[in-house]
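Here are my notes on this one, as promised. Have the model open while you read, and go through the points in order.

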Amino acid sequence: MELQEFWFVLIGVLFTGYFVLEGFDFGVGMLMPILGKGSDTRRRVVLNTIGPVWDGNEVWLITAGGALFAAFPEWYASMFSGFYLPLLLLLVALILRICAIEYRGKIDDPRWRARCDLGIGIGSWVPALAWGWVFANIVRGVPLDADKQFTGVMAGLFSPYALLGALTTGLLFALHGAVFLALKTAGEVRTDAVRTARLLLVPTAAVVGGFGLWTQLAYGADWTWILLALAVFGLLGGAGALFAGRDGWAFTGTALTVLAASALLFGALFPDVLPSTIDPAYNLTVDNASSTPYTLKVMSWAALAVTPVVLGYQAWTYWVFRKRISVEHIPAGIGLSPRIANEE
């Protein structure tokens with residue numbers, strides 16, 4: 001395997017890991033108004049399921065973005081210039097979500113918490129939909145000229161395929177989050193999470209299946225049929241486990257679906273990294289969009305040294321915080337009163 005191919009695979013692994021891990025984070029935030037309805041204690045149970053891990057999950061995106069910039073600068077430049085406004089909106093939504101999660105418990109005031117909950121919802125829904133839209137457009141291709149410059153307009157990026165991609169990630173992350181909540185909670189919150197996951201199964205299966213089949217028929221290779229089959233198998237297996245009360249296996253199933261669907265997109269894209277809808281000769285590929293071999297070689301040694309440390313730390317975090325949470329585990333709020341917060 002050439003270094004260019006190695007780094008394409010590694011970037012695919014990083015984005016796939018991000019979608020598997022951050023996908024359920026987004027799903028928790030998307031479902032928080034539903035599963036946390038009725039009391040602030042329930043909302044804190046929902047939010048605390050991702051409290052120890054959500055910021056660590058975002059490391060995958062930061063690493064993927066850095067690797068993309070360093071290994072494939074032409075891909076990075078063309079993608080970010082073409083998708084500048086949507087990616088800026090996505091970034092703002094992620095910042096809003098971070099601030100809302102961090103600041104929610106700082107002030108003991110229902111109105112303050114309601115505003116933060118709104119920020120968590122927006123910061124979860126927007127990225128969940130945007131990522132599917134972005135990657136669907138990358139696989140479909142964009143108008144690139146001979147100078148590798150984006151020449152299209154924003155309206156041209158809202159094709160039926162791209163919109164279906166947005167709906168796919170939105171529903172799949174919501175289901176993934178509901179199953180994660182069923183795995184991580186106990187009592188009434190778990191009961192409602194299981195009910196919500198069951199309601200999401202049919203529409204999610206229909207949309208994911210339709211988008212996956214469209215991707216395979218239009219852009220896939222012979223071997224990527226395996227990835228589509230794995231995505232379907234994960235969804236069906238997860239559904240069976242959910243109805244059997246096997247929360248761990250249900251989560252494994254939805255995680256497999258997210259993993260296989262993400263791998264399908266990268267498999268359908270290769271050897272291109274950003275196709276041109278003007279002329280295939282203008283396509284950005286793993287060869288003409290990559291950095292120099294020396295740069296890739298240095299990056300490879302750095303990745304081999306650092307990656308095991310990051311994976312070990314994340315595995316340790318998930319192990320330490322593996323127990324279920326219920327309303328009985330939530331202590332009284334300790335945030336500042338609104339009067340004191342205003343005085344300070």
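This is a predicted model: local features need pLDDT of at least 70, side-chain atom pairs count only at pLDDT 80 or more; totals for chains, interfaces and linings use all residues.

1. Rings first. I call two rings of Phe, Tyr or Trp (for Trp, its six-membered ring) a pair if their centres lie within 6.5 Å; planes under 30 degrees apart are stacked, over 60 edge-to-face, and the rest tilted. By that rule the structure holds 28 aromatic pairs. Take F24 and F180: their rings are stacked, with 4.0 Å from centre to centre and 20° between the planes. F24 belongs to helix 1 (residues 3-35) and F180 to helix 8 (residues 160-184), so this pair ties together parts that lie 156 residues apart in sequence. Helices here are DSSP runs (H or I, at least four residues), numbered from the N terminus.

2. Residues are numbered from 1 along each chain as its sequence is written, and side-chain values use heavy atoms, leaving out hydrogens and water.

3. (Buried is under 20% relative accessible area, exposed over 50%, partly exposed in between, with a 1.4 Å probe and protein chains only.)

4. One cluster takes in F8, F15, Y18, F19, F26, F72, W75, W131, F135, F173, F266 and F270. Elsewhere, R322 lies over the face of W319, 3.8 Å from the ring centre. The test for a charge over a ring is NZ of Lys or CZ of Arg within 6 Å of the ring centre and within 35 degrees of the ring normal.

5. Now the charges. With a salt bridge taken as a side-chain nitrogen of Lys or Arg within 4 Å of a carboxyl oxygen of Asp or Glu, the whole structure gives 13 of them. One joins E188 to R42, with the closest N and O atoms 3.5 Å apart. That pair links distant parts of the chain, E188 being in helix 9 and R42 in helix 2, 146 residues apart. E188 is partly exposed at 45%, whereas R42 is buried at 8%.

6. Which residue does R43 meet in a salt bridge? The partner is D117, at 3.5 Å from N to O. Here too distant parts of the chain are linked: D117 sits in helix 7 and R43 in helix 2, 74 residues apart. D117 counts as buried at 17% relative accessibility; R43, at 24%, counts as partly exposed.

7. R113 and D108 form another salt bridge, with 2.8 Å between the closest N and O atoms. R113 is buried at 15% and D108 partly exposed at 39%. Both belong to a salt-bridge network that links D40, R43, R104, D108, R113 and D117.

8. Last, T317. This residue is in helix 12 (residues 293-320) and is buried, at 7% relative accessibility. Leaving aside neighbours within four places in sequence, T317 is in contact with P52 and V53, contact being heavy atoms within 4.5 Å.

Conventions: Helices (H or I, at least four residues) and strands (E, at least two) are DSSP runs, numbered from the N terminus.
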